[in-house]
Amino acid sequence: MSKIQPLNPERIAQMAAGEVIDSLEAALRELLENALDAQATRIQVEIWPSRWQVRVADNGQGIPGSELEQVARRHTTSKLDGRSLGFRGEALHSLARLGSLTIQTRHAADAHGWLAAYDRQGELTHRQPAAMALGTVVTVADLFADWPLRRRSLPQTRPLLTLVQNAALAHPWVSWQVRQEGQLLLSLWPGQSLQDLLLQVLPQVDPSDLRYRRIREGDSDWEMVLGLPDRLHRPRPDWIRVAVNGRFVQMPEWQRLIQSVFQHALPRHRYPLVVVHLRLPPEQVDWNRHPAKSELYLQDPEIRQEQLRQHLHALLQSGSGQASRRSVHLIRASEAKSVYEASRQPHLPFNPAPAAPACSAPSLPPLRALAQLHRIYILAEHPQGLWLVEQHLAHERVRYEYIQRHWQPVELETPVMLQGLSPQAVEQLEQLGLEPEPFGPNTYLVRRLPLALWSEDPKEIQGSLLELSRCADLESAQVAVACRGALRNGIPLTLEQMQQLLEAWQRTANPHTCPHGRPVYLALAEKDLARYFRRRWGICDRPISNSKMGSILELEPLGDRFAAQVRRSAGSSASDPTDEANAAPL
């Protein structure tokens, strides 16, 4: 007898079902996608982890009663029009094989609803009329009853909630409710955009800390939200999320690209908050890469990645917000929009590296230098309060972006001699395109230098080259030399120099953090000052006239005069009647 035997159809069906549905989370995922494909605008989820049971109710199109007999059979689907979330034709069949499947549904063409039950082969075993509104309720109970190895631990609630949250972010026009064992866990109402739902999923996030954009570019539709890197960042990359055509997917290349965009805008070992949703024509997406449809093949992936990079950079450099209308003499506010760029051309007499060219976008709130604190911080006034700007970090950001723009090598009139370079240091300089030439024992000549590092001081050039030789790659080299040449703390600055540094810093693309990811400034809003001083009354924005100020300043002399009259009145009661005659009336 041959050792090679064909698998029987029952085993093949079980294996296929186990691939599609490997957890309670996978069962919920399939039911949610069916509800969304049915054009539902209201979805309710109930889970019973201890009973391995899940129920999804929606107000979608429903299933015609005439089609209930074949709805759970293998390789049957109603999603051949190309406008769905993709299909394999095995979801309901797999759920029937791995658990107890019942469907209650009503279609607009039916006079009443139907309640249907299915056996392990997906065949209809019972059907009866049922009173219900339009839509569908699918219940899967006793999941994996015949697969005990998949019940080694109870399902966790967090992955189930994350699944629903992702579905809500990708379909913001739908309202959602999630209950566990009868207790309400999550309730989301419809919104107009991805940002509207994100603010519900993360209620602790301030809307002013987010940047949102939707871009229609050719046949692609991009929608993205990111958190300002100096205000919102995570210890894990759990909020770098990418969706394509209504489904969140695993795209490691895109996640690495997103992290690279934020690399020098975040503190070390922190990750950004970025949610991206790309909508494409169905023919440009192939979902048949993974049974769970968590991975895909994309047409022209390099083009899409470059578009994503450009959109993220543009979104980091722009944004909108609302400023309050408060004024109190030195702090006068007008309606302004907070963004990530500035719009004035500065000149720093103590630094030859100018800031970026002016852009047409609105600027950060205009800053006016007031003083230098401890020769470290610049105290600046802006329309909504006060800022403390760390002078070294601000200058480091200016230098870093200047170095990035002017990294092209130039020939030196006089070569720079370097000694004591290790083989690794020489190799690193070669990778940076500087090509050190041997010039005697353990000595090298460098005839080229990045334009941004040129200086009239040969020792300064030599120090920059040695710094570059110790860096692992181009980006770390640019950060290192930017830090090395930045204005040091402890150096006194005049008001004019402080103002020029502020203006140069405001013009950078990412002024909120230094290249190492540290915050550059501390903002103290006027409303926070009012809260600290327990101010409850309104603020008058009209200037005080000289005559009015004079009458205010007269309060102290009037008080002295009043006290003198009281003393005279007290003395007159003793004996002298002339005092009463000479006393002025109160």
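Start by selecting residues 42-48 and 53-58: these are strands β1 and β2, which pair in the antiparallel sense over six bridges. Helices (H or I, at least four residues) and strands (E, at least two) are DSSP runs, numbered from the N terminus. Two strands count as paired if DSSP finds at least two bridges between them. Pick Ile43 and look across to β2: Asp58 stands opposite.

A word on the model before moving on. It is predicted, so local features need pLDDT of at least 70 and side-chain atom pairs count only at pLDDT 80 or more, while totals for chains, interfaces and linings use all residues. Residues are numbered from 1 along each chain as its sequence is written, and side-chain values use heavy atoms, with hydrogens and water left out.

**The eight-stranded sheet**

Now widen the selection. β1 and β2 belong to an open sheet of eight strands, in the order β5-β4-β3-β6-β2-β1-β7-β8, with mixed pairing. Go to the edges: β5 (124-130) and β8 (183-188) each have a single partner strand, so one side of each is left without a neighbour in the sheet. Neighbouring strands here are turned by 10 degrees against each other on average, direction ignored. Strands of a sheet pair through backbone hydrogen bonds, either parallel or antiparallel.

Next, select residues 24-37. This is helix α2, which lies across β1, β2, β6 (135-141) and β7 (175-180). Helix α2 runs at about 10 degrees to β2. Axes are lines fitted to C-alpha atoms, for helices over the stretch in contact, and angles run from 0 to 180 degrees between N-to-C directions.

**Helices α6 and α7**

Select 252-261 and 301-316. The axes of α6 and α7 come within 10 Å and cross at roughly 30 degrees. That makes α6 roughly parallel to α7. The classes are: under 35 degrees roughly parallel, over 145 roughly antiparallel, 65 to 115 roughly perpendicular, and the rest oblique. The crossing is right-handed, meaning that the near helix is turned clockwise from the far one by less than a right angle.

Show side chains. On α6, the residues that meet α7 include Trp254, Leu257 and Ile258; on α7, their counterparts include Leu308, Leu312 and Leu316. Contact means heavy atoms within 4.5 Å. By class, this contact has seven nonpolar, three polar and three charged residues. Ala, Val, Leu, Ile, Met, Phe, Trp, Tyr, Cys and Pro count as nonpolar, Asp, Glu, Lys and Arg as charged, and the others, Gly among them, as polar.

**Helices α8 and α11**

Move to 391-405 and 474-484. The axes of α8 and α11 come within 8 Å and cross at roughly 135 degrees. That makes α8 oblique to α11. This crossing is right-handed. Look for Arg399, Tyr400 and Ile403 among the α8 residues that meet α11; Val479, Val481 and Ala482 are among those on the α11 side. The contact has six nonpolar, three polar and two charged residues.

**The three-stranded sheet**

Select β21, β23 and β22: they form an open antiparallel sheet in the order β21-β23-β22. The edge strands are β21 (409-419) and β22 (437-438), each pairing on one side only. Two bridges join β22 to β23 (443-450). At Pro438, look opposite for Tyr444 in β23.

**Zoom out**
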